[in-house]
Amino acid sequence: MKKLPEITIAFWIMKICATTLGETAGDLFSMTLNIGYAISSLILIVFFIITLQMQLYATKYKPLLYWFVILATSTAGTTMSDFMDRTLGLGYAVGSLILVILLAITFILWKRTEKSVSVDDIHTFRGETFYWIAILISNTLGTALGDFLADNSGLGFLGGATLIGSLLLLIILAHYFLKVSSIVLFWFAFVLTRPFGATFGDLLTKPIEKGGLNFGTIGSSLILFTILMLLIIFAIKKNNELEKVSLIDKN
């Protein structure tokens, strides 16, 4: 039975919202609450593992569970990236390079074992496991890329978000007007929506003098969590309606 959502505009809106919340919530744990990157990463990875196990053993698509796993990968990815880049001192560029290599290895192994990396063709436990590993790495990579654009490139928070937004627009145009693999476009978009969310999260939380809107990690997290929950409720309602229609058709 299908356990993953349809790839629609609503999916991408929720993805950006979830990854932005992951950025602000990750910073809330590691910096605002002063837990530290290492302990925050450990806590959030445990949360990711718990929600992932529930998702893997679920028998059908459950919007609340699915988006909680996405949120877990986003928050864990934020603290993992910060741990690599700051605590270990690797820096944003080196950290991003390592994560690009790990993501490439994941896709190679996924392709060799499952013969496809399409999100519309996942029917095995192993295939879904690769799917979530790729998501966790891409969200971690997105944080590092977003921080690099905001802090090291000279673009600032708004400039970084504008650049990533422009790249996403090019992907949308390629989807409609060019004969480019939908699988390739999906994974490029999935990776790029993370730094877009990361830079947008920085835009929300950072002080005005640093180019942000000064909502802080707590305020931004509460706003984004509320928006995401409203979208999830809408997705649950729509999914329930589709299930009812499916049952009627079968009968």
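## How H1 and H2 cross

Helices H1 and H2 cross in a right-handed manner. This model is predicted. H1 covers residues 9–32, and H2 covers residues 37–56. Their axes come within 8 Å and cross at roughly 135°. Angles over 145 degrees would count as roughly antiparallel, and 65 to 115 as roughly perpendicular. H1 and H2 are therefore oblique to each other.

On the H1 side, the contact involves Phe 29, Ser 30 and Met 31. On the H2 side, Tyr 37, Ser 40, Ile 43 and Leu 44 meet them. The contact residues of H1 and H2 divide into 5 nonpolar and 2 polar, with no charged ones.

## The nonpolar core

The largest nonpolar core has 55 residues. Tyr 66, Trp 67, Trp 110, Tyr 131, Trp 132 and Trp 187 have the most contacts inside this core. At least two core residues come from each of H1, H2, H3 (63–87), H4 (91–114), H5 (125–152), H6 (156–177), H7 (182–205) and H8 (216–250). H5 gives the most, with 10 residues.

Take Tyr 131. Setting aside residues up to four places away in sequence, Tyr 131 touches Leu 4, Tyr 66, Trp 110, Val 119, Ile 122 and Trp 187.

Ser 96 lies in helix H4. Its relative accessibility is 6%. Buried means under 20%, so Ser 96 counts as buried. With neighbours within four places in sequence left aside, Ser 96 is in contact with Leu 141, Ala 144 and Leu 145.

Note on methods: Residues are numbered from 1 along each chain as its sequence is written. This is a predicted model: local features need pLDDT of at least 70, side-chain atom pairs count only at pLDDT 80 or more; totals for chains, interfaces and linings use all residues. Side-chain values use heavy atoms; hydrogens and water are left out. Axes are lines fitted to C-alpha atoms, for helices over the stretch in contact, and angles run from 0 to 180 degrees between N-to-C directions. Helices (H or I, at least four residues) and strands (E, at least two) are DSSP runs, numbered from the N terminus. Angles under 35 degrees count as roughly parallel, over 145 as roughly antiparallel, 65 to 115 as roughly perpendicular and the rest as oblique. A crossing is left-handed if the near helix is turned anticlockwise from the far one by less than a right angle, and right-handed if clockwise. Contact means heavy atoms within 4.5 Å. Ala, Val, Leu, Ile, Met, Phe, Trp, Tyr, Cys and Pro count as nonpolar, Asp, Glu, Lys and Arg as charged, and the others, Gly among them, as polar. A nonpolar core is a set of buried Ala, Val, Leu, Ile, Met, Phe, Trp, Tyr and Cys residues joined through side-chain atoms within 4.5 Å. Buried means under 20% relative accessible area, exposed over 50%, partly exposed in between (1.4 Å probe, protein chains only).
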